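Dear colleague,

Please read them with the model open beside you.

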Amino acid sequence: MLKYLSTLLLVCVITLELRAQSVNLQAAKVLAQKHPDSALIMLRQLYAKAQEQQDKTSEGLCLQQMGTICYNQGHYSQALDFYLHADKLFTEAKQPLLSAANMGDMGLLYYYNKQTDRSRTYYNRALAIYTRQNDIKGQAQVLGSIGHLYEKTRKYDSAFYYQNQALLKYQQANFKQGAAKIYENLGSIYEDLAKFDSAYVSFSRSLQLYRDQHNEVGSIEVINNLGDILRKTGKYKESLLQTRHALQLASQMGNVYQMASCTKDMGKTFELMGQTDSAYHYSELSRRYSLEVYSLDGAKQTTFLQVLYDFNKKSDEIARLNNIRKLNRIIGVAVAVVVVLLVILGIVIFSRQRLKLRDQQLLARQKAAEHEVMQLEFKNQQLEEQGLKQQLDIKSRELSNHTLNLIKNNQFLEQMRSKLQAMVKDDRRDQKKQMQQLIAEINENFNHEQHWREFTVAFEQVHQQFFDSLRAFSQELTSADMRLIALIKMNLDSADIATLLGISTDSLRVSRYRLRKKLNIQQGDNLSAFIQTL
């Protein structure tokens, strides 16, 4: 029970720390809008704490926000360094959505550095991650950024396409804040194309959505844009009403930058109306506001640069100390490893000596056993060879016996046939019919197939694979051809071969001639010599 309670308490503590870390990051983000130097100090402290806790996700978020602050202050190289470091941490922590958001920030940074190709590359990577993770809001944000990229390069067809795609995504996610920004972007594109009616409609939709979300900064910018559209279409009084309203909201918020923009636009409107005094008044007012903005920016930049310098100096010192610590750790580990290796080496040398003696003994025994095995194998091989030789002799004798039996049988049948043929020529008619039947029976049994099958089996046992080698020379050989070749292989003379086949010597000569043609034997080559080589 106590173990369970301690585990639960630990989980609660970790959860509270994560929530506190998230709250601190959000507070730093809000603080960065007016006091970037203080926000940077705060983020540096959070980053150090995250490093101690080995929380790579929080480390990456701190670096990403520091990169955004540096980007807003115009320190692009330092911002890029923070972004790249954050991307590495997000990848190690397996946080694809955070990595995609960081890539979107890098794409924006490259865009403002006039590197549109690299900007589009990072936008594409971010969009691919958002698509895989099915993050609709993230997809919409990147599509809007790509559309803005095309707008600034005057590729308005592509700009409209991506902005409309982003608007559909935001509407699908029911994210009005994002939709308001897209309508503002569309209004800007229409304004560049001098389609002021469409621009006015888009800015009006954007303003309504900003007001629904109580976004005062966005509302001021859009109201000022509406004043610009009215001024460009010659509706000067309506333009002044919109711009005055924007100026009033900017004054209430203390937004000097927007106040300078509003008074500048009012000066342009009065100039077009021919009211030079008012035009001069608001132009001067705009100039004073702009100087105030530059003054404030200069002071902020000075403070921010000092903080950034201290941060980099401290980071370098931390890196130096970490390197020293790592070096000392490596040296300590190396010394320990060397000592362990020396001990192991001594043990190994001692063990190897013992093993060497043991191996020598085993090797001697193994060689003696192998020698005995080889002698046994040699004896077995000799016995097998003797057995095979005896078996071959037996098979050869069987083949010879079969051949002699066939010759004697056929010779006997030949004698019987000759005698019976002589008796048939006799005029005794009462014996003629009976003699003819005997001759027919002898003819039927003259080439008895059983004898030939036994002969073939015995022949193949003595001359293995002979017929297979023979068929490689010709596929037209008949069973009669095979018998003739087998008899020639046995070196029988023509008379015995003719007797065994039951044919005359002349018929045998014709059969040999046809066999030469089937085997493609050239004129002058000996048939018997050819068959003996097979």
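Lysine 137 lies over the face of phenylalanine 175, at 4.1 Å from the ring centre, and arginine 125 is placed over the face of tyrosine 122, at 5.1 Å from the ring centre; a charge sits over a ring here if NZ of Lys or CZ of Arg is within 6 Å of the ring centre and within 35 degrees of the ring normal. This is a predicted model, in which local features need pLDDT of at least 70 and side-chain atom pairs count only at pLDDT 80 or more, while totals for chains, interfaces and linings use all residues. Residues are numbered from 1 along each chain as its sequence is written, and side-chain values use heavy atoms, with hydrogens and water left out.

The whole structure contains 7 aromatic pairs, where rings of Phe, Tyr and Trp (its six-membered ring) pair if their centres lie within 6.5 Å, and planes under 30 degrees apart count as stacked, over 60 as edge-to-face and the rest as tilted. One of them joins tyrosine 111 and tyrosine 112 edge-to-face, 4.9 Å centre to centre with 70° between the planes. Tyrosine 111 counts as buried because its relative accessibility is 13%, whereas tyrosine 112, at 42%, counts as partly exposed (buried means under 20% relative accessible area, exposed over 50%, partly exposed in between, with a 1.4 Å probe and protein chains only).

The rings of phenylalanine 160 and tyrosine 190 have centres 4.9 Å apart and planes at 50°, so this pair is tilted. Ring pairs also link Tyr150, Tyr161 and Tyr162 into a cluster.

Best wishes
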